[in-house]
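Subject: Structure handover

Hello,

Please find the structure below. My notes on what turned up follow it.

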Amino acid sequence: MAGRLKVFIGMAAGVGKTYRMLQEGHAEQEAGRDVAIGYMEPHKRPETSALAEGLEAIPRRRLTYRGTDLEEMDLPALLARAPELALIDELAHTNAPGAEHEKRYEDVRDVLAAGIDVFSTVNVQHLESLNDQVTELTGTRVRETIPDAVLGEADEVVLIDLTPEALIERLRAGKVYPGENIEAALGNFFTVENLLALREVALRQVAQEVEAKRLVVEAPLGTRTERVAAEVPKAVGERLLALVRPQPSSQRLVRRAWRSSQRLGAPLDLLWVKPPGQPIEGEVERQVTALRHLASVLGATFLIEESDNLVDGVARVARERGTTYIMVGESEPPRGLARLREPLPQRLMRATPAGVDVRIVARREGREER
Amino acid sequence: MTVEHLLIAVALVAGLIGGYLIARSRLRGRRSERPQAIHQILLPFTGTEISRRALDAALRLARAEEATLMPAYLAAVPKRLPLDCAIPAEAAKAMPMLEAIEQRAASQDVSVDSRIERGRSYRHALERLLSRESFDRVVVPATAEAGAGFSGDDLVWLLEKAPAEVLILRPDPEDRRFVTANGSRAAV
C-alpha cells in the first residue's frame, strides 16, 4: 500500500514550513511512529536546526559534479531504512546529476510507492501553473518547479500562513537569511506588495485544492470528466461573464468586469452574442480583434455565440460556463415600441439559472463613440 | 362620410404611423450596432502618468477633426515570459490610466477606443500596434526624464516608420502637469 503525502505550502521562504514539518514529525514520533528525516534544509536557521534534534536523520549522499561536491538526499539509504514516516524538505528541488531522478518530487514518489508516508514542503511559486503569474506579480522567476499534479496527489495540503508584516519582521530579525543577505532580500523580493500578492495566490491555491478534492469525493457517478463538468459551478466558485459588443464602449465594461473578477479571484469570460449571418468584417472585425486582444492581455476568455436571441444565447453560455455573475452595459434609452419591452437585465435574470447575479455598468456621461 | 369610413381612415393612419415608427426604431438599432469607419489619433503612453499637455493637445485635435482618440498603454513584457502571456500587473496599472483619459475625453465630447499593447520593449509594442491598426496621426509626448517613456531613438524611429503624421510634443519645463490614475497632478 502506497504511503500518504502531506505537503506544507507557503507563500515564500521563511514562513515556517520546515519548522512546522519538524514539529509534526516530533508529534508523530511521540505518538509511537518510526520517523526519519530524509532531507532537511536548515538554511542556517538555528531554531530550525535545533528542532531537528531528536529526530533521526538519514545521512546525505555526496555527489561530485564538475569538480564540485554536492549533497543530496540518499534515496537508496532512505528506502533501505524504510521508516514509517520520512520528512523530506523542498519538494521542488532539482537533484544534482548522478542522482536517481532529476527532481526531488520523483524521489518522493518512489518513497511513497515503497509504502512510506512523506511530509514535504514547497513554496507556491514553485507550482508550474503559477510560475508565470508569480513572476508577473513579483518580477522574480524561480527555476525549480513542480507539476501541479504533484500537489494534487497529496493526501493533505497544509497552508503555512503568515502576514507579510510578520514575515518581514522575521526577516529583519535574521530568522530567515543570514545578516549579510537581509537588506538585499528586503529590497528585492520581500516587499509587502509582493508578499500580499503571493499570500493571496497561496490561499487561493489551497482553497482550490480542497474544492477539487471535495468534488471527487462527492461525485461518485460517471466519468471523471462528467463529474467535474457537472460540478463546474461549485468547483470554480465565482465566474464572471461580461456581455460585449464589437464597439469601443465595450472596453470600459471589460475593464470594470476585470476589476471585479480580480477582487473576487474569479475567471472572466467575455461574450458577444452575434446575430446569425452577420459577417465579421470591416470595423466589426477590427473591434472583435481588439476585444480578443484585450482578453488575452487580461487572461480572460473571449467567446462568440451565434444566436438571434440575445437572452437565450447568454443563458446557454452562462449554464455551460458555470457563470455566477453577469455584467451588462447600460442600454440606450428605449424608443418607440421598445419601451413596452421588459428590460434586458430582468429578461436575463429569468432566463439564467437561479443564483446568477446581473449587474449593470453605467454608461459614461458624454459621447463615447460615433 | 359614414362612421365606418372614418374608422377605416383612422385605422389606416394609425397603421402607417405605427409602421413608420417600427421601421425607424429598427433602422436606428442597426445603425447603433454597426460601428462606422472613423479617423483615429493614436496617443501611446507608458507608465502611470501622461503629460496633461500632450493629452489635451490630442483631445483638441480629435475634437477639431471629429476623430477618435486611441490612448494606448504600452507594456514591456520581460523576455523570460511569453510575449502573448496575460499581464495582470501591467493591466492593473493601465486600467485606471485609461479610465482617467476616457473621463477627460468624455468631458470634451471626444470618442475614445483604448488599447493595451504588449512588446519586448515600448518601441516593439508600438511597432505591433502600428502594424495592427491604422492611424491618421500619432501624438507622442516626449519626456525630459531619462529612462521614462520614449527615448530620442524611439522618436526618430517613429518618425521614420509610422505610416501616419507624427506630432511630437516637446516637454515644457514650465508646464509639468500630468494626468494620473487618480486625476491630475503637478510635478514640483
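Along its sequence, chain B reads α-β-β-α-β-α-β-α-β-α-β-β-β. That makes five helices and eight strands. Helices (H or I, at least four residues) and strands (E, at least two) are DSSP runs, numbered from the N terminus.

Some housekeeping. This is a predicted model: local features need pLDDT of at least 70, side-chain atom pairs count only at pLDDT 80 or more, and totals for chains, interfaces and linings use all residues. Residues are numbered from 1 along each chain as its sequence is written, with chains lettered from A and ligands numbered from 1 in the order in which they are written.

**Overall figures**

Chain A has 15 helices and 13 strands. Of its 370 residues, 36% are buried. For chain B the figure is 31% of 188 residues. Buried means that 20 or more other C-beta atoms lie within 10 Å of the residue's own, with C-beta atoms placed from the backbone.

Next, contacts: two residues are in contact if their C-beta atoms, placed from the backbone, lie within 7 Å. Take contacts between residues at least 6 apart in sequence. In chain A, 70% of these join residues at least 24 apart. In chain B, 77% do.

**The sheet in chain B**

Five strands of chain B form an open sheet, in the order β4-β3-β1-β5-β6, with parallel pairing. Two strands pair if DSSP finds at least two bridges between them. β4 (115-119) and β6 (165-169) of chain B are the edge strands, each pairing on one side only. On average, neighbouring strands of this sheet are turned by 25 degrees against each other, direction ignored.

Strand β3 (68-76) of chain B pairs with β4(B) in the parallel sense, over five bridges. B:Y73 has B:I116 of β4(B) as its bridge partner.

Helix α2 (52-64) of chain B lies across β1 (40-45), β3, β5 (137-141) and β6 of that chain. The helix runs at about 165 degrees to β5(B). Axes are lines fitted to C-alpha atoms, for helices over the stretch in contact, and angles run from 0 to 180 degrees between N-to-C directions.

**Strand β12 of chain A**

Look at β12 (325-329) of chain A. Five of its five residues are buried, so the strand is largely enclosed by the rest of the structure. Both faces are covered. A:Y325, A:M327 and A:G329 are buried on one side, A:I326 and A:V328 on the other.

What does β12(A) pair with? Strand β9 (240-243) of chain A runs parallel to β12(A), joined by three bridges. There, A:L240 has A:Y325 as its bridge partner. Strand β13 (357-361) of chain A also runs parallel to β12(A), joined by five bridges. Here A:Y325 stands opposite A:D357.

β12(A), helix α15 (344-351) of chain A and β13(A) make a right-handed β-α-β unit. Right-handed means that, with the strands pointing away from the viewer, the path from the first strand over the helix to the second runs clockwise.

**Nonpolar cores**

A nonpolar core is a set of buried Ala, Val, Leu, Ile, Met, Phe, Trp, Tyr and Cys residues joined through C-beta atoms within 7 Å. The largest has 71 residues. Those with the most contacts inside it are A:A242, A:L270, A:I326, B:I41, B:L43 and B:L69. Helix α3 (88-107) of chain B gives the largest share, eight residues. Beyond its neighbours within four places in sequence, A:L270 has contacts that include A:A242, A:V244, A:L291 and A:F302.

A second, separate core has 50 residues, among them A:L5, A:V35, A:I37 and A:L75.

A:L85 lies in strand β6 (85-88) of chain A. It counts as buried because it has 20 C-beta neighbours inside 10 Å. Its C-alpha atom is 4.6 Å from that of A:D117, 32 residues away along the chain. Leaving out residues up to four places away in sequence, A:L85 touches A:G25, A:E28, A:R33, A:V35, A:D117 and A:F119.

Helix α1 (17-30) of chain A has buried residues A:K17, A:T18, A:Y19, A:M21, A:L22 and A:G25. The elements covering them include β1 (5-10), β2 (35-39), β6 and β7 (117-123) of chain A. After α1(A) comes A:G32, with a positive phi near 100 degrees.

Best wishes

Technical notes:
A residue is buried if 20 or more other C-beta atoms lie within 10 Å of its own, exposed if 12 or fewer, and partly exposed in between; C-beta atoms are placed from the backbone.
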